[in-house]
Amino acid sequence: MQFIETRGNDGKNPAAVPFSEAILNPRASYGGLYVPESLPDMSIGFLSEYLQSDYKTLAFALLKAFEIDIDDELLHKALERYDRFDDPNNPVPVVGIEEDLYVSELYHGPTRAFKDMALQPFGVILSTLAKRRNERYLIMAATSGDTGPATLETFKNRENIKVTCLYPEGGTSDVQRLQMVTEDAPNLKVIGVKGNFDDTQHALKELLSSETFREELRKRDLKLSAANSVNFGRIIFQIIYHIHSYLELVRQNVITLGEEIYLVVPSGNFGNALGAYYAKKAGLPVRKILIASNANNILTDWIRKGEYDLRGRCLIQTESPAMDILISSNVERVLYDKFGPERTRELMEALSKEGHYSLTPEELKSLQEDFDATFSSDEEGEKIIARYAERGYLMDPHTATCLKAYRELRREPLATVIYSTAEWTKFSRTVARAIGIAAETDKEALDAVSRKLGVLIPKVISELFNKPIVHTTVVEKEEIMQEMLSFL
Ligand SMILES: N[C@@H](CCOP(=O)(O)O)C(=O)O
């Protein structure tokens, strides 16, 4: 399988590249992204073949179906990282919380968020390729709280790899920040930025396409890649759990093979939702993908009105900070898939130059065939957390946004999977407040919630508070490149 570019080819990049090239050098022509030139068939035949398979077997089959140029031995080695999850036999439990409502818990990995699902195996593949080729890489990451910890965890101490991780200072929970600033390895640099997530991601994208930066890296014998979902190496692993969740419903006798379901995806950079879209396109019986947002509801407007409009919008800091994003990377891959490279380039250029674009009525209709969307305020989210905590199910504020989407957007009484993207422990102050506990710090909140509800705090979270802080750098946006170069 070859990978092609969302905004067309500029004649300087190769017209198509294998998977290994797309992940090692994710810079596509005109600032675009790499996408697979086609999708494998993962409809009923594939689903029935892997109905009884465990997660790793299913994952291996999917990666093979994409015909990626990674050998079987390396794929197996990468997938072994799921053995480090809470239950190696079932890294993604799918739990019923109402008669037809199931939560796919994607947070049972080492950093307690869904980013581990992709970044754990992705880190093994990318760093092994770098070593085999005798090449050294700088891996950049921009994070609103979950990608950062998972990137640092997967790449720490890996040979031939250096990582710089940008996070918005004050824009994450304390636990998320501690997960990053206490991660101690000589190949890691964590940089707080005075700005918001969009600023950090903008810097990452600029640097990815900057010749000056590349030249500086060449002098240091380094090549450049990224750990965010702009890298297709992330997305491929984010298709698997949608298929797994569907098969789990069949195994749990909730549906029969072939029955349609709804998927509800809390969304920021849209990688998780794109994984669901690709799964649907490849044949997974999904009626619609329901997109849940917080007050930064730009995706709601895009899907409901066909307007992607940054004008007059400011990023709002919410209790679900991983979704505090206005410039959502993977929307572009959906545009490409539906409308082709010329139109994608036109729309993305309009967004960057004029701050907005509008879809035509036909384009909007096509988008709405696959997606619907809504958003929740923090207050609505807290009420949901409280209601389900009373019934014995504890969820984090990102997961809570899915419940409104489920109630508001589900048109048919079909079984529904909502995705739980992070463990409550990463957002304990919000969860504590929701259940009536006032806590000043994440530590106090964790202990109080744990005592009140009898829930455990994983060691990886509780020990964060005793670890020394090793990354203290905070810079202005304009200083990011220089700070990275000083580290390198
Ligand atoms: N929500 C993310 C932002 C980056 O998203 P990615 O999927 O492109 O890595 C975060 O928590 O960091």
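## A parallel sheet

A quick word on the labels: helices (H or I, at least four residues) and strands (E, at least two) are DSSP runs, numbered from the N terminus. Two strands count as paired if DSSP finds at least two bridges between them.

Zoom out and you'll find E8 and E16 in an open sheet of five strands, with parallel pairing and the order E9-E6-E7-E8-E16. At the edges sit strand E9 (223–226) and strand E16 (474–476), each of which pairs on one side only. From one strand to the next, the twist averages 30°. Lying across strand E6 (137–142), strand E7 (161–168) and E8 is helix H6 (residues 147–155), which runs at about 165° to E7. For such angles, axes are lines fitted to C-alpha atoms, for helices over the stretch in contact, and the angles run from 0 to 180 degrees between N-to-C directions. Contact here means that the C-beta atoms of two residues, placed from the backbone, lie within 7 Å.

## How the model was made and numbered

What you're looking at is a predicted model, where local features need pLDDT of at least 70, side-chain atom pairs count only at pLDDT 80 or more, and totals for chains, interfaces and linings use all residues. Residues are numbered from 1 along each chain as its sequence is written.

The chain averages a pLDDT of 97, and 100% of the residues score at least 70. That score is the predictor's confidence in each residue, from 0 to 100. For the complex, the predictor gives an ipTM of 0.99 and a pTM of 0.98.

## An antiparallel sheet

Another open sheet has three strands in the order E2-E1-E3, with antiparallel pairing. Strand E2 (17–18) and strand E3 (34–36) are at the edges with a single partner strand each, so one side of each has no neighbour in the sheet.

Strand E1 (residues 2–5) pairs with E2 over two bridges in the antiparallel sense, and Gln2 has Pro18 in E2 as its bridge partner. E1 and E3 also run antiparallel, joined by three bridges; here Ile4 is partnered by Val35 in E3.

## Around the ligand

Which residues come nearest to the ligand? Of the 13 residues around the ligand, they are Thr143, Asp146, Thr147, Ser229 and Asn269. A residue is near a molecule if its C-beta atom, placed from the backbone, lies within 6 Å of it.

By class, this shell has one nonpolar, eleven polar and one charged residues. Ala, Val, Leu, Ile, Met, Phe, Trp, Tyr, Cys and Pro count as nonpolar, Asp, Glu, Lys and Arg as charged, and the others, Gly among them, as polar.
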